[in-house]
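Visitor: Please show me the chain. I would like to ask about it step by step.

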Amino acid sequence: MLKAVILIGGPQKGTRFRPLSFEVPKPLFPVAGVPMIQHHIEACAQVPGMQEILLIGFYQPDEPLTQFLEAAQQEFHLPVRYLQEFVPLGTGGGLYHFRDQILAGGPEAFFVLNADVCSDFPLSAMLEAHRHQRHPFLLLGTTANRTQSLNYGCIVENPQTHEVLHYVEKPSTFISDIINCGIYLFSPEALKPLRDVFQRNQQDGQLEDSPGLWPGAGTIRLEQDVFSALAGQGQIYVHLTDGIWSQIKSAGSALYASRLYLSRYQNTHPERLAKHTPGGPRIRGPLFCF
């Protein structure tokens, strides 16, 4: 049994995506003709053994989001639920806060996907690698040039075992050409280090403020608080892909992501492409003119 978690963030972020996000929440903005996170859900639904898909974020569960979830459940025949954070909890805080919902039913592992990435989502290949050699954390990685790598989480791996030996989020100098794709496969044991970070944050907050639960204790950054701290300890591994991948952080990057998805539609979703039919859309010149 498997589950998937899609981290959709919240309205307090994504300012670089404006003005596209003024009328529709960023996760629902159409990329290559469908809502951004539909690509994620489609990929998760194709993995054998997938039982449930959870969305975690700080958006209000408004009508567009509710309608999208209902439509997704009907189309993919899977429970697709939204879990709303009480405050923004970072890339890892929501996973720990909703740990009971994630672990309900006893999944052997669960995928974690950032909503603002474009990929061909090699989830089955990641699952095969995980089952061959089980570890708490498996990260999807790809390569970038020296300049591009400074904008992402950089991974130094053991080329024989693929263990992550060193991890730095957006380094100031070149570390590695292997970057974090924001797509993960976690064992249930991966939640233990998140618990440790939560407890440490709580203790630090109590020392600085008054006794009681510190509101910031629930904020956990997977990249800095977990990956950087655990690298080199035999818990984090990387699965490299040469497939398509891009972040979707700005309006321009949404165009590029659409181009990547459209380039695959002939094989994956030919029904979404315009055809030369009488009275139908016409394709003029090169397919992509960006």
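**Helix, burial and contacts**

Guide: In helix α9, the buried residues are S253, A254, A257, S258, L260, Y261 and Y265. Buried means under 20% relative accessible area, exposed over 50%, and partly exposed in between, with a 1.4 Å probe and protein chains only. Helices are DSSP runs of H or I with at least four residues, strands are E runs of at least two, and both are numbered from the N terminus. The model is predicted, so local features need pLDDT of at least 70, side-chain atom pairs need 80 or more, and totals for chains, interfaces and linings use all residues. Residues are numbered from 1 along each chain as its sequence is written, and side-chain values use heavy atoms, without hydrogens and water.

Visitor: Which elements do the buried residues of α9 pack against?

Guide: Look for contacts, meaning heavy atoms within 4.5 Å. The buried residues of α9 pack against β2 (30-31), β3 (34-35), β7 (117-119), β13 (245-247) and α1.

Visitor: Why does H40 count as buried?

Guide: H40 sits in helix α1, residues 36-45. H40 counts as buried because its relative accessibility is 0%.

Visitor: Which residue's backbone oxygen does the side chain of H40 reach?

Guide: Leave out residues up to four places away in sequence, and H40 touches I6, L113, N114, A115, V117 and F121. The side chain of H40 comes to 3.0 Å from a backbone oxygen, that of N114.

Visitor: What share of the chain is buried?

Guide: The chain holds nine helices and 13 strands. Of its 290 residues, the buried share is 48%.

Note on methods: A polar contact is a pair of N or O atoms within 3.5 Å; within protein, one must be able to donate a hydrogen and the other to accept it, and residues adjacent in sequence count only if both atoms are side-chain atoms.
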